[in-house]
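These are notes for a colleague who is opening this entry for the first time. Please keep the sequence and the structure in view while reading.

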Amino acid sequence: MRRVLVTGGCGFIGSNFVRMLLAEEPAAHVVNLDLLTYAGNPRNLEDLEDSARYRFVHGDVRDEVLAEELVRDADWIVNFAAETHVDRSTPAKAGEFIETNVYGPYVLLDALRRTQNAARFLQVGTDEVYGSISPPARPREDAFLNPSSPYSASKAGGDLQALGFHRMLGMDVIVSRSTNNYGPYQYPEKLLPLFITNALQDEPLPLYDGGTQIRDWLWVDDHCQALLLLLREGQAGEIYNVGANQEPEITNGELTRILLRLLGKPESLIHPVDGLRPGHDQRYAVDTSKVRALGWAPSVELEEGMERTVAWYQARRDWWEPIKSGEYRDYYRRHYRFEAKG
Ligand code: DAU
């Protein structure tokens with residue numbers, strides 16, 4: 001039996017990972033520790049509720065007692081628990097990001113130290129820690145860290161905490177850094193699910209700052225496969241970039257127009273807005289040769305992945321329509337200064 005503690009497993013990437021892990025590792029048993037903040041949704045894993053190999057624990061990664069109890073029995077610990085949205089990481093909210101993204105991994109790692117369990121700890125990170133990258137550069141894992149927001153600065157802090165535990169105590173720690181994920185169950189505050197669901201409601205798509213920015217879009221299952229490979233074969237104390245390395249690279253504006261074509265909706269839905277993301281990074285890109293040397297490669301091309309994503313959101317209005325009310329509406333009104341349709 002392989003006992004896996006996943007934190008933040010009710011979020012987007014976490015829930016896709018839990019489902020994939022249980023399918024790929026018949027001996028795996030998963031405990032999912034999740035606080036169910038606004039982006040954590042138990043419905044993301046409702047199909048597993050009756051599985052004897054899955055257990056949900058409602059709780060906080062910053063709870064030292066709970067953390068110690070849960071890490072004690074784990075063979076692998078995968079830390080997805082994080083505040084993830086750049087637009088929400090205003091200076092006034094930075095403390096919440098530091099609490100979860102820096103203090104959270106510290107509590108888990110220190111609990112692991114106290115139990116003297118030699119479990120492998122995978123800290124799931126982001127390419128945003130390298131900051132905006134001028135073309136054609138693609139930073140390797142040892143590149144300078146240059147985060148532009150409280151969000152990415154806190155993720156850099158989490159990575160460094162984890163690596164510090166490896167260096168000081170020899171703990172079995174790995175850090176991954178992925179580019180932008182997309183696919184089913186992504187909370188509709190991120191670009192793709194926001195634009196898909198708005199377009200399905202004939203609502204404006206708020207395209208920031210001319211839409212010239214570049215992101216490297218990775219199908220979520222390809223990311224999850226890379227994480228599983230790192231758990232199985234990664235080297236302790238190492239960092240691994242994970243990304244699709246799209247060729248040619250694609251701007252947000254081009255991506256939006258492909259989406260509208262797939263949805264059969266007019267480009268007049270695009271609503272240009274400036275200044276909503278101070279310090280907006282122009283381009284992200286990473287060198288992924290290290291994870292590829294372990295045998296990983298992305299399997300889903302962008303347009304194919306976008307078709308699947310669009311089809312999923314078209315079919316799962318029952319999932320996203322309830323989200324686009326309540327807390328989401330308040331956030332939307334506050335941030336975009338116009339109404340979201342409930
Ligand atoms: O690179 C990995 C990162 O990808 C993760 O670490 C983050 O948790 C994740 O949120 C994502 O960060 P981004 O800031 O790149 O994702 P987001 O979907 O918020 O924005 C993608 C691009 O789209 C970015 O250039 C800003 C733009 N955008 C975003 C929103 C929400 C818009 O033009 N309009 C929008 O309404």
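1. The structure is a predicted model. Residue numbers start from 1 along each chain as its sequence is written.

2. Salt bridges in general. The structure holds 29 salt bridges.

3. D318 and R43. These two residues form a salt bridge in which the closest N and O atoms are 2.7 Å apart. The pair links distant parts of the chain, 275 residues apart: D318 belongs to helix α10 (residues 317-323), and R43 to the loop between β2 and β3. D318 has 38% relative accessibility, so it counts as partly exposed. R43 is also partly exposed, because its relative accessible area is 27%, and the range for that class runs between 20% and 50%.

4. D159 and R177. Here the salt bridge has its closest N and O atoms 2.8 Å apart. D159 lies in helix α4 and R177 in strand β6 (residues 173-178), so the pair ties together parts that are 18 residues apart in sequence. Are the two partners buried or exposed? D159 is buried, with a relative accessible area of 0%. R177 is buried as well, at 1%. Buried means under 20% relative accessible area.

5. K265 and D202. The side chains of K265 and D202 meet in a salt bridge of 2.8 Å, N to O. K265 sits in the loop between α7 (252-263) and β13, while D202 sits in the loop between α5 and β8, so the bridge ties together parts that are 63 residues apart in sequence. K265 counts as partly exposed at 23% relative accessibility. D202 falls into the partly exposed class too, at 48%.

6. The backbone at L36. What is the phi of L36? The value is near 55 degrees, which is positive in a residue other than glycine. L36 is located in the loop between β2 (28-34) and β3 (54-58). With 28% relative accessibility, L36 counts as partly exposed. R43, from point 3, is also in the loop between β2 and β3.

7. A salt-bridge network. Which residues are linked in a network of salt bridges? They are E68, R72, D110, R113 and R114.

8. Helix α6. Helix α6 covers residues 220-233, which is 14 residues. From its first C-alpha to its last, α6 reaches 20 Å, close to the 20 Å expected at 1.5 Å a residue. Why is α6 described as largely enclosed by the rest of the structure? Ten of its 14 residues are buried, so the helix is largely enclosed. The buried residues of α6 are V220, D222, H223, C224, A226, L227, L228, L229, L230 and L231.

9. Cis peptide bonds. The bond from P135 to P136 is cis, with omega near 5 degrees. P136 lies in the loop between β5 (120-126) and α4 (150-169). The bond from E247 to P248 is cis, and its omega is near -5 degrees. P248 is in the loop between β11 (239-242) and β12 (250-251).

10. T288. The loop between β13 (270-273) and α8 (289-292) contains T288. T288 is buried, because its relative accessible area is 2% and buried means under 20%. Along the chain T288 and E249 are 39 residues apart, and their C-alpha atoms are separated by 15 Å.

11. A negative patch. Which residues gather in a patch of negative charge on the surface? The patch is made up of D63, E64, E69 and D73. D73 is found in the loop between α2 (64-71) and β4 (76-79). The relative accessibility of D73 is 44%, so D73 counts as partly exposed.

Key:
This is a predicted model: local features need pLDDT of at least 70, side-chain atom pairs count only at pLDDT 80 or more; totals for chains, interfaces and linings use all residues. Side-chain values use heavy atoms; hydrogens and water are left out. Patches are made of residues with over 30% relative accessible area and no salt bridge: like charges are joined within 9 Å, nonpolar side chains (Val, Leu, Ile, Met, Phe, Trp, Tyr) within 5 Å. Accessible areas come from the Shrake-Rupley method with a 1.4 Å probe; for residues, only the protein chains shown count as cover. A salt bridge is a side-chain nitrogen of Lys or Arg within 4 Å of a carboxyl oxygen of Asp or Glu. Lys and Arg count as positive and Asp and Glu as negative; His and the chain ends are not counted. The place of a charge is taken as NZ of Lys, CZ of Arg, CG of Asp or CD of Glu. Helices (H or I, at least four residues) and strands (E, at least two) are DSSP runs, numbered from the N terminus. Buried means under 20% relative accessible area, exposed over 50%, partly exposed in between (1.4 Å probe, protein chains only). The expected span of a helix is 1.5 Å times one less than its number of residues.
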